[in-house]
Amino acid sequence: MNCYDYPQYWDLAFADETAQECEFLIQCAQKYITGDVNRVLEAGCGGGRLVVALAARGYDVTGYDLSETAIDYLRQRLENEGLQANAIVADMQSFVAVPLVDIAINTVSTFRHLLNEQAALAHLRVMAESIRSGGLYIIGMHLLPPDADLEDEESWEAKDDSAKVTMRLTVVEASRENRLEKLRFDMTVEDVASQERGPREFSSEYPMRLYSATQIQELFSLVSEFELIEVYDYWYDISEPQPLDDRLGDAVFVLHRR
Ligand SMILES: C[S@@+](CC[C@H](N)C(=O)[O-])C[C@H]1O[C@@H](n2cnc3c(N)ncnc32)[C@H](O)[C@@H]1O
């Protein structure tokens, strides 16, 4: 069972973040980009909570994801809401946007699905081909500081009129040597429509690549088309850039396309 194939519940679980992430993208565009910002690209967009929110704000948005189910769901959602956006099944290692975009975003550790340096570099290079000179690539991801506990767990609840989702993330295995962790998502869903059946449980495990502050800096330095210009945390406060050091757990990198 793949939790990413239930985008309606995934999007609900992360719905509280969406407005803040959109606002941050807009503030970054204002702070760092000269000229018009119209075209936005999201890599690994899942069910498209950000694609929908950005399209509703008038941007020309493209979102792509490996999951056909997620992209079908996004297309349907766009149609239902009378919005226009491009929703494409594609791989982060090879997708190149045509025409060039002004700004691109990659949220909630999606980048860590690229499991080795070769894959991560391939992605950064196709993103460099997709973003215009002077544009930005914003990447949000969890870092593992060298002295942090390898085991980690967090959980939260989210609900709307149709469902309540309880999401629990647990690191079930991790190794600093091979730079991989196995992250388990446990999603408990109570649908208003299916209350008689009781809660449903979905669970899946994903391998994710681990990065310390130094390791991500080293990776970015290998792609000369991008310059890391500023770092934030998950508070998304544009007036409070953060130092990139081992105190930072959740990082948002702002890469400038040279
Ligand atoms: C953590 S979810 C994030 C979804 C969305 N960006 C959000 O913020 O809600 C990661 C997404 O990345 C997608 N994904 C994983 N590997 C991918 C790849 N190589 N190419 C494209 N999408 C990928 C998954 O299918 C999943 O939808």
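Mentor: Glu153 stands opposite Thr170, a residue of strand β7. The model is predicted, and what follows should be read as computed from it. The link from β6 to β7 is a hairpin of three residues.

On its other pairing, β7 meets strand β8, residues 180-191. These two are again antiparallel, with 12 bridges between them. Within that pairing, Ala174 of the model faces Glu181, which lies in β8. The hairpin of β7 and β8 has four residues between the strands, and there Arg179 adopts a positive phi near 60°. As a general point, side chains in a regular strand alternate between the two faces of the sheet.

A residue from another strand can be followed in the same way. Tyr137 is placed in strand β5, which covers residues 131-142. Its relative accessible area is 0%, so Tyr137 counts as buried, the cut-off being under 20%. Apart from neighbours within four places in sequence, Tyr137 touches a set of residues that includes Ala43, Ala104, Ile105 and Asn106. His123, Leu124, Met127 and Ile131 are also among the contacts of Tyr137, as are Phe226, Phe253, Val254 and Leu255. Glu227 is 90 residues from Tyr137 along the chain, and their C-alpha atoms are separated by 9.8 Å.

For the whole protein, the secondary structure comes to six helices and 11 strands. Among the contacts with a separation of 6 or more, 68% are between residues 24 or more positions apart. The C-alpha atoms fill a box of roughly 55 × 45 × 35 Å along the principal axes. The radius of gyration is 18 Å, which agrees with a compact globule, because 258 residues in such a globule would give a value near 18 Å.

Of the 258 residues, 50% count as buried. The protein exposes about 12300 Å², and 45% of that area is supplied by carbon and sulfur atoms. As for charge, there are 22 positive and 46 negative charges, and their mean positions are 2 Å apart.

Technical notes: Residues numbered from 1 in each chain as written. Predicted model: local features only at pLDDT ≥ 70, side-chain atom pairs only at ≥ 80, totals over all residues. Heavy atoms only, no water. Pairing = 2+ DSSP bridges. Rg over C-alpha atoms; globule rule 2.2 N^0.38 Å. Buried < 20%, exposed > 50% of the residue type's maximum accessible area, 1.4 Å probe, protein only. Contact = heavy atoms within 4.5 Å. Areas by Shrake-Rupley, 256 points an atom, 1.4 Å probe, with all protein chains shown as cover. Lys, Arg positive; Asp, Glu negative; His and termini not counted. Charge placed at Lys NZ, Arg CZ, Asp CG, Glu CD.
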